[in-house]
Each structure stands twice: as structure tokens, then as C-alpha cells.
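Me: I have a chain to look at for class. Can you walk me through it?

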Amino acid sequence: MAKIKIDGTDYETDDLSDNAKAQVASLQFNEAHMQRLRNELAIADTARIAYSAALKAELGKEKSDKAKSK
């Protein structure tokens, strides 16, 4: 028997109506989907930081190369 808490009230999942169980399942699916999206966003943010660092390094290299050629 699993319990869920909604707005501070505990509910036994076995005691819920079929419709309420379906809503709980939908909420659980949605929460999992949102977590996957947060994980994907973290991956994209990490890539953005790496690309930015690589660009800054490249721009610094170009600046240094130009200064040496003068």
C-alpha cells in the first residue's frame, strides 16, 4: 500500500478511485518528463559553457598571433 501526499494530506493509493489513480499516474509521468527535460537542459548548458570557453581561447590565440605578426 503506497501513500501519496497532496496539499499536506496523505492518501492510500489503493483507496483512490480509478480516475484519481489515472491522475496520479499522469502526474508521475509528467514529473519524470520534467526531470528528463531538466537533465537535457543541464547537458545543453554544460555544452554552452564549453563552447564559450573554446571561443574565448580561440579569440585569445588569434589576438596573440596578430600581436606576434606585427
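The chat below goes through the fold, the surface, the charges and the confidence.

Reply: This is a predicted model, in which local features need pLDDT of at least 70 and side-chain atom pairs count only at pLDDT 80 or more, while totals for chains, interfaces and linings use all residues. Residues are numbered from 1 along each chain as its sequence is written, and side-chain values use heavy atoms, with hydrogens and water left out.

Me: How many helices and strands are there in the protein chain?
Reply: There are 1 helix and 2 strands. These are DSSP runs numbered from the N terminus, with helices being H or I of at least four residues and strands E of at least two. The order from the N terminus is β-β-α.

Me: What is the radius of gyration of the protein chain?
Reply: The protein chain has 25 Å, whereas a compact globule of 70 residues would have a value near 11 Å. The radius is taken over C-alpha atoms, and the globule rule is 2.2 Å times the number of residues to the power 0.38. Along the principal axes, the C-alpha atoms fill a box of roughly 80 × 20 × 15 Å.

Me: What percentage of the residues is buried?
Reply: Buried residues are 6% of the 70. Buried means under 20% relative accessible area, exposed over 50%, and partly exposed in between (1.4 Å probe, protein chains only).

Me: New topic. How many salt bridges does the count come to?
Reply: The count is 2. A salt bridge here is a side-chain nitrogen of Lys or Arg within 4 Å of a carboxyl oxygen of Asp or Glu.

Me: Which residue does Glu-12 pair with?
Reply: Glu-12 meets Lys-3 in a salt bridge, at 3.9 Å from N to O. Glu-12 is partly exposed at 21% relative accessible area, and Lys-3 is exposed at 55%.

Me: And which residue does Arg-48 form a salt bridge with?
Reply: Arg-48 pairs with Asp-45, and their closest N and O atoms are 2.6 Å apart. Both belong to helix α1 (residues 18-69), where they are separated by about one helical turn because they are 3 residues apart. Asp-45 is partly exposed, at 32% relative accessibility.

Me: Last thing. Where is confidence lowest, and where highest?
Reply: Strand β1 (residues 3-6) is lowest, with a mean of 94, and strand β2 (residues 9-12) is highest, at 96. The score is pLDDT, the predictor's confidence in each residue, from 0 to 100. For the protein chain the mean pLDDT is 94, and 99% of its residues reach 70 or more.
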